[in-house]
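Please look over the sequence and the structure shown here before reading on.

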Amino acid sequence: MSVASLANDDPKVHAVLDGHHLAVTSVSFNPNGQQFASSSEDHSIMVWTKWSEKLPTGPNYRFSGHDNAVTCISFSPNCKILASCSKDRTVRFWVPSVLGTSTQFKAHTSAVNTVSFSPDGMKILTGSNDKSVKLWDVETCQFITSYLGHNNWVRCAKFSHLGNLIAACSDDRTVRIWDSVSGDLVHTFTGKHGSPNYIAMHSNNNTLAAAMDSGAVRIYDIRNKKLIQHYTLHNNVTCVDWHPRANYLLASGLDCKLSIIDIMEGRPIYTLSDKAGFTTCKFSAEGNFFASGGIDKSLIVWKTNFIV
């Protein structure tokens, strides 16, 4: 992983996007660098193209099909599929084009809170209020296996960058790590104060960040099975995301603030504010942009000042 330096200017707003009618729940950048997507409690998904240049005043595509709030979206590694999940208990695979066609399947017996692709794009993980984490085949939409152990709602589930581990967090105040092949539980990290809302796996395949509803950001070493860094930044941290090429961590909070942490220096280097609480945040594939969504339906694309 390369080391990034900072330009003189602070990160700044690149575009403010308008289109959703209720809170934004998730954002995702297409790895191809040409599309940016958002989902909302208004049941819709919006896709903007050429987001790195001048963005249009409204979305290029608006996808409708879910019967309840869309909780999470994720572009596939091959850039051809946009996956979504919803409180309507279903998962959809969209072709992010003007036709907006999708494949749908019922994934859980309760609201689905998270969807994410494996590194090779052949499988997806889902997590639900039914307390389960499930693995699915993308091509056939067939169920493969479950990863069990959580005893409360599953908020987020992710593959490691090598695909050999699966991590999930839950309202039972734990982050659980499984071997993706054997299904064996590798370790359980337990937070005594608060529950994790979201997790993000570092590209080193060993470091995991957790966004806590207590206002903390916690960094875990998976190999040594221990907490290595702890930051108290917000009153409720809703999301975290690693910069793809450097040791920066982005965190969003319901206190109307975004934080960028330099993990090597062990300190936050930027705090950005808006008028409403942030619900989600995500870096672009190259790391030169990041996006945030808010409880007031706001959607902002920011330009970073990182020189990588």
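This is a predicted model: local features need pLDDT of at least 70, side-chain atom pairs count only at pLDDT 80 or more; totals for chains, interfaces and linings use all residues.

Over residues 17-48 the chain is 56% strand and 0% helix, with the end C-alpha atoms 9 Å apart. Over residues 105-146 the chain is 55% strand and 0% helix, and here the end C-alpha atoms are 16 Å apart.

Strand β12 (residues 123-128) pairs with β13 in the antiparallel sense over five bridges. In this pairing T126 stands opposite K134 of β13. The two strands, β12 and β13, form a hairpin with four residues between them, and K131 in the turn has a positive phi of about 80 degrees.

β13 is also joined to strand β14 (residues 143-147) by four bridges, again antiparallel. V133 stands opposite Y147 in β14. β13 and β14 form a hairpin as well, with five residues between them; C141 in that turn has a positive phi of about 60 degrees. Four of the five residues of β13 (residues 133-137) are buried, so this strand is largely enclosed by the rest of the structure.

Further along is an open sheet of four strands in the order β23-β24-β25-β26, with antiparallel pairing. β23 (237-242) and β26 (267-273) each have a single partner strand and stand at the edges, so one side of each is left without a neighbour in the sheet. Ignoring direction, neighbouring strands of this sheet are turned by 20 degrees against each other on average. β23 pairs with β24 (residues 248-253) over five bridges in the antiparallel sense, and W242 stands opposite L249 in β24.

Terms used. Residues are numbered from 1 along each chain as its sequence is written. Side-chain values use heavy atoms; hydrogens and water are left out. Two strands pair if DSSP finds at least two bridges between them. Axes are lines fitted to C-alpha atoms, for helices over the stretch in contact, and angles run from 0 to 180 degrees between N-to-C directions. Buried means under 20% relative accessible area, exposed over 50%, partly exposed in between (1.4 Å probe, protein chains only).
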